[in-house]
Amino acid sequence: MRYINYLGTDAYQNIAMDSWLLYNLKPNEPVFTLWQNKKAVIVGQNQNTFGEVNQEYVDKEDIQVVRRMSGGGAVYHDLGNICFTFFVPVESSSQVNFKQFVEPMYNALQSIGIDAKITGRNDLEVDGKKVSGNAQRYAGGYLMHHGTLMWDTDVDAMVRSLNVADEKFISKAAKSVRARVGNIKNYAPENQTLEGFMDALRYYLSNQGKDGEMILTDDQIADIKRWRNERFATWEWNYGKSPDFDFVNHAKYAGGSVDVKANVKEGKIQDIDFTGDFLGVRDWREMKDEFIGQTFSQDTILKVLDANKDGQYFGGITNNELAVLFTGDGDK
């Protein structure tokens with residue numbers, strides 16, 4: 001695969017670049033990128049930023065907060081973390097399979113002597129500890145599959161950034177996270193540096209260096225920077241996408257957690273929002289208008305969901321599980 005080099009470590013720009021490439025690159029064959037962010041919290045598109053971020057801490061530590069275009073949960077990035085993205089032509093979102101895109105990173109890790117395993121919905125583990133998480137977005141015949149590789153991430157900063165918690169619980173939370181996640185550095189050869197690790201990954205993924213870099217034009221780079229400034233660096237996108245509604249319910253399933261919020265007048269849905277860490281392949285908002293004006297009932301919701309089942313809008317969460325939320329019987 002050919003690769004693209006990102007423009008630096010500014011999270012606003014890198015998340016903008018991910019999204020711009022998905023909608024505008026249109027490669028004939030898969031393309032990959034390896035990149036890094038300075039300290040940042042990256043929030044899933046369907047999440048409530050106010051509920052995911054410890055605002056006092058991120059303000060104090062100058063940590064960027066950015067909403068991405070894909071689903072899944074909030075993640076912490078720093079310069080001990082490596083990000084990767086694949087841009088792949090795919091005929092239909094119904095054909096998307098997480099495993100086929102996690103496998104290249106699995107194989108790359110194996111190639112440099114790290115015994116990784118693919119587990120759960122979309123994770124890579126080493127020695128029973130999660131070292132990578134992944135998310136996807138499909139648009140216009142192309143799939144963006146991106147994820148993280150924890151090389152030497154600051155776990156304390158991760159916990160403090162993502163949890164609004166009393167100080168007395170911080171050390172306990174950090175200990176719990178350390179038990180579940182791992183840094184690849186601890187399993188790599190002793191003389192392996194982060195830079196050397198990224199070079200090794202790039203060498204493997206680029207067909208042992210045979211496939212070269214794809215250079216973007218000055219106009220393309222200028223447009224990416226415009227996307228950064230007009231959307232991904234704005235409060236309206238990163239926080240303003242977390243509206244309040246009259247009806248609220250929550251449940252956690254094997255396929256992820258989901259919250260539904262709806263404004264209902266005279267028994268009809270006036271507005272609706274789904275948030276959570278579910279791994280939708282396509283943006284559920286594509287079918288949002290189909291909910292508006294419908295009777296607020298489980299049966300009506302199920303009809304809308306079943307009519308759009310091929311879109312994989314909520315990943316592994318079933319339509320029946322979602323519809324039950326509208327009875328008020330969710331796990332609040």
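Select T234 to begin: at 17% relative accessibility, T234 counts as buried (buried means under 20% relative accessible area, exposed over 50%, and partly exposed in between, with a 1.4 Å probe and protein chains only). T234 sits in the loop between helix 8 and helix 9 (235-238), where helices (H or I, at least four residues) and strands (E, at least two) are DSSP runs numbered from the N terminus. Now show W237 as well: its backbone nitrogen lies 3.3 Å from a polar atom of the T234 side chain.

Two notes before moving on. This is a predicted model, in which local features need pLDDT of at least 70 and side-chain atom pairs count only at pLDDT 80 or more, while totals for chains, interfaces and linings use all residues. Residues are numbered from 1 along each chain as its sequence is written, and side-chain values use heavy atoms, with hydrogens and water left out.

**Helix 1 against helix 8**

Next, select residues 11-24 (helix 1) together with residues 218-232 (helix 8): their axes come within 8 Å and cross at roughly 120°. Axes here are lines fitted to C-alpha atoms, for helices over the stretch in contact, and angles run from 0 to 180 degrees between N-to-C directions. Helix 1 and helix 8 are therefore oblique to each other; angles under 35 degrees count as roughly parallel, over 145 as roughly antiparallel, 65 to 115 as roughly perpendicular, and the rest as oblique. The crossing of helix 1 past helix 8 is right-handed, a label given if the near helix is turned clockwise from the far one by less than a right angle, and left-handed if anticlockwise.

Show the side chains at this interface. On the helix 1 side you will find Y12, Q13, I15, A16, M17, S19, W20, Y23 and N24, which meet Q220, D223, I224, K225, W227, R228 and F232 of helix 8; contact means heavy atoms within 4.5 Å. By class, this contact has nine nonpolar, four polar and three charged residues. Ala, Val, Leu, Ile, Met, Phe, Trp, Tyr, Cys and Pro count as nonpolar, Asp, Glu, Lys and Arg as charged, and the others, Gly among them, as polar.

D18 is buried, with a relative accessible area of 1%. Beyond residues up to four places away in sequence, D18 touches Y6, W35, T85, F87, M144 and H146. Which side chains does D18 join by polar contacts? One is T85, at 3.0 Å, and another is H146, at 2.7 Å. A polar contact is a pair of N or O atoms within 3.5 Å; within protein, one must be able to donate a hydrogen and the other to accept it, and residues adjacent in sequence count only if both atoms are side-chain atoms.

From H146, follow the side-chain polar contact of 2.6 Å to S70. S70 lies in the loop between strand 4 (64-67) and strand 5, and at 0% relative accessibility it counts as buried. The side chains of S70 and R68 are also joined, by a polar contact of 3.0 Å. Leaving aside neighbours within four places in sequence, S70 is in contact with G44, Q45, A135, Q136, R137 and H146.

Now move to D78, in the loop between strand 5 (75-77) and strand 6 (81-89). Is D78 buried or exposed? At 8% relative accessibility, D78 counts as buried. Its side chain reaches the backbone nitrogen of G80 at 2.9 Å.

D154 leads on to helix 5, where at the start a side-chain oxygen of D154 reaches to within 3.2 Å of the backbone nitrogen of D156. Select residues 155-162 and you have helix 5, which is mostly covered, with six of its eight residues buried. These are V155, A157, M158, V159, S161 and L162.

Finish in the loop between helix 7 (194-205) and helix 8, the place of N207. Most residues other than glycine have a negative phi. N207 has a positive phi of about 60° although it is not a glycine, and Q208, also a residue other than glycine, has a positive phi near 55°. N207 is partly exposed, with a relative accessible area of 41%, and Q208 counts as partly exposed at 48% relative accessibility.
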